[in-house]
Amino acid sequence: DLAEAARYLRLSADQGGVVAQLRLGQLLRTGGNGVPQDLLESARYFRLAADQGNATAYFCLGEVYLNGRGVPKDLVEAARL
């Protein structure tokens, strides 16, 4: 179940697991199946993964800033990412 998966992802993500940070960001971006949508937390986990050099997280974070989902819309930051 996704709620249980999210719990384990959060444990790994909070210990610095870059793949878990990315996946948890993706899961929180959409929510569903027992996992509440949380755009602010989604952006935070994308940032953590991007700060570790994860290219997919950079892309996701760019979309976050482009669309203002969980952060204020910032086209300059979106383009930088």
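Modeller: Let's look at helix H3, where Glu41, Ser42, Ala43, Tyr45, Phe46, Ala49 and Ala50 are buried. Buried means under 20% relative accessible area, while exposed means over 50% and partly exposed lies in between, with a 1.4 Å probe and protein chains only. Helices here are DSSP runs of H or I with at least four residues, strands are runs of E with at least two, and both are numbered from the N terminus. This is a predicted model, in which local features need pLDDT of at least 70 and side-chain atom pairs count only at pLDDT 80 or more, while totals for chains, interfaces and linings use all residues. Residues are numbered from 1 along each chain as its sequence is written, and side-chain values use heavy atoms, with hydrogens and water left out.

H3 covers residues 39–51. Its 13 residues reach 18 Å from the first C-alpha to the last, close to the 18 Å expected at 1.5 Å a residue. The expected span is 1.5 Å times one less than the number of residues. An α-helix has 3.6 residues a turn, so residues three or four places apart point the same way. That is handy to remember when you look along any helix here.

What do the buried residues of H3 pack against? Their partners are helix H1 (2–13), H2 and H4. By contrast, Arg44, which also lies in H3, counts as partly exposed at 37% relative accessibility. Between Arg44 and Ala3 there are 19 Å in space, C-alpha to C-alpha, although they are 41 residues apart in sequence.

Let's take the H2 side next. Two packed helices are described by the angle between their axes and the distance between the axes. An axis is a line fitted to C-alpha atoms, for helices over the stretch in contact, and angles run from 0 to 180 degrees between N-to-C directions. The axes of H2 and H3 come within 8 Å and cross at roughly 155°. H2 and H3 are therefore roughly antiparallel to each other. Angles over 145 degrees count that way, those under 35 as roughly parallel, 65 to 115 as roughly perpendicular, and the rest as oblique. H2 passes H3 in a left-handed crossing: the near helix is turned anticlockwise from the far one by less than a right angle, whereas clockwise would be right-handed.

Which residues meet there? H2 brings Val18, Gln21, Leu22, Leu24, Gly25, Gln26, Leu28 and Arg29, and H3 answers with Leu39, Glu41, Ser42, Tyr45, Phe46, Leu48 and Ala49. Contact means heavy atoms within 4.5 Å. Sorted by class, the contact of H2 with H3 has nine nonpolar, four polar and two charged residues. Ala, Val, Leu, Ile, Met, Phe, Trp, Tyr, Cys and Pro count as nonpolar, Asp, Glu, Lys and Arg as charged, and the others, Gly among them, as polar.

The loop between H2 and H3 holds Asn33. Phi of Asn33 is near 50°, a positive value in a residue other than glycine. Asn33 is exposed, with a relative accessible area of 65%.

Now turn to H4 (residues 55–67). The axes of H3 and H4 come within 8 Å and cross at roughly 140°. That makes H3 oblique to H4, and the crossing is left-handed. On the H3 side the contact is made by Ala43, Phe46, Arg47, Ala49 and Ala50; on the H4 side by Ala57, Tyr58, Cys60, Leu61, Val64 and Tyr65. By class, the contact of H3 with H4 has ten nonpolar, no polar and one charged residues.

Within H4 itself, Ala57, Cys60, Leu61, Gly62, Val64 and Tyr65 are buried. The buried residues of H4 pack against H2, H3 and helix H5 (75–80). Glu63, also in H4, is partly exposed at 32% relative accessibility.

Finally, let's see how the two neighbours of this story meet. The axes of H2 (residues 18–30) and H4 come within 10 Å and cross at roughly 30°. H2 and H4 are therefore roughly parallel to each other. The contact is made by Leu22, Gln26 and Arg29 of H2 and Thr56, Ala57, Cys60 and Glu63 of H4.
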